[in-house]
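User: Hi! I am new to this structure and would like to learn how its descriptions are reached. Could you walk me through them?

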Amino acid sequence: MYSTKIGGIGSYVPEKEVTNKDLENVMDTSDEWIQERTGIMSRRYGKKHEETSTTMAVHAAEIAIERAGIEKEDIDFIIFATLSPDYYFPGCGVLLQREMGITNTEIGALDIRNQCSGFIYALSVGDQFIKTGMYKNILVVGAEMHSMGLDFTTRGRNVTVIFGDGAGAVVLQRSTEEGQGILTTHLHSDGTYAEKLAMINPGAHGGYHANKMGEHIDYGYPDTEYGEMFINHQMIDHAQLYPQMEGQFVFKLAVQKFPEVIGEALKKTGLQTSDIDMFVPHQANLRISQFVQRRLGLKNEQVWNNIQKYGNTTAASIPIALCEAWESGAVKPGDLVCLAAFGSGFTWGSVLIRW
Ligand code: ACO
């Protein structure tokens, strides 16, 4: 059996910075409200009609590949985690392959749709392929272009102010050094509350899930004998094409599941919270991260937060934060790095890495 090391890491955030004050100009919100509830001060938005999850991912991937000391043609598998793909299908994995000019068709490309825990799931899948000897160099990417799908009116303020755009990538590589790289991964899911944090349109549900949020919504599907379209005028006219979130419900579960799944990883490896050199949580909300930090008894220097600058970038948040921590020297060879996420699904997970 081989082990999986992080051979290289890269990240990219778009140039355009949007502060809370900027959002005050388009909706009824305030810098004070946003900072107090989420810790967020600003976020980045990709260039409209130019940047996408794929184009941002290319920048991050190129840096990760260069730092791994390999060529793009050495990549033998691509895993792409996003909830804001360029197309409904095909997924961003093949678009990234094309955009990067990877002409090798021996490789596979897989898209992961696990929202905030997408990068943790992607690392775990990649780890299995490396450990079994199937692949040597796997490109794992998390990227989001949220700004193209948010409601920039007061109606959408509870969700919109939280999210930002960006991308992060790692190259997972085969290692023969025992005890190095990914030590353990833990994945969980519970579909009971799927609609509590979701974007259910456009979709093939045909109105089936209409009242799962406790309210009836008429999606206006016409009564035809066969099929429909995934989208209809009603959804557009009534603003039913945006993410929906029951914030307090999500908060309560998140602060419970983060410590649980981290504890599971520590138990499996016989380690303790005091052994963690750097904890990089999914940047969901600074208040969630602080709650988890207190629960685990971690010091400030053991936790990396950058949601203040970038907002919640969902599948991209962990690799962007991890890359920043590594670039600043806060993650060094031999360090024990703990990653964990909780999000829509609900799905959650953790990863321990000996850097
Ligand atoms: N600006 C100003 N007021 C707002 C805003 C806003 N952006 N958003 C909501 N409000 C108002 C509401 O309308 C409501 O007003 P009312 O009392 O007059 O009805 C009031 O603020 C309180 O609304 P709540 O939704 O109850 O606010 P809450 O204190 O729960 O904070 C928040 C909302 C920040 C989303 C919080 O619930 C939270 O952090 N939840 C965790 C979910 C999360 O972090 N999700 C991130 C994505 S999921 C993930 O990554 C795991």
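This is a predicted model: local features need pLDDT of at least 70, side-chain atom pairs count only at pLDDT 80 or more; totals for chains, interfaces and linings use all residues.

User: Thanks! Where is serine 53 placed?

Analyst: Serine 53 is in helix H3, which covers residues 53–68. Helices here are DSSP runs of H or I with at least four residues, strands are runs of E with at least two, and both are numbered from the N terminus.

User: Why is serine 53 called buried?

Analyst: Buried means under 20% relative accessible area, exposed means over 50%, and partly exposed is in between, using a 1.4 Å probe and protein chains only. Serine 53 has a relative accessible area of 0%, so serine 53 counts as buried.

User: What does serine 53 touch, leaving out residues up to four places away in sequence?

Analyst: Among them are Phe80, Thr82, Ser84 and Cys92. Contact means heavy atoms within 4.5 Å.

User: What makes the pair of serine 53 and serine 84 a polar contact?

Analyst: A polar contact is a pair of N or O atoms within 3.5 Å; within protein, one must be able to donate a hydrogen and the other to accept it, and residues adjacent in sequence count only if both atoms are side-chain atoms. A polar side-chain atom of serine 53 lies 2.7 Å from the backbone oxygen of serine 84.

User: And why does glutamine 283 count as buried?

Analyst: Glutamine 283 has 1% relative accessibility, so glutamine 283 counts as buried. Glutamine 283 lies in the loop between strand E11 (278–281) and helix H9 (286–296). The side chain of glutamine 283 also reaches the backbone oxygen of proline 281 at 2.8 Å.

User: Which residues come nearest to the ligand?

Analyst: Of the 24 residues around the ligand, those are Thr29, Arg37, Gly247, His282 and Asn285. A residue is near a molecule if one of its heavy atoms lies within 4 Å of it.

User: Which element gives the largest share of the shell around the ligand?

Analyst: That is H8, with four residues.

Definitions and conventions:
Residues are numbered from 1 along each chain as its sequence is written. Side-chain values use heavy atoms; hydrogens and water are left out.
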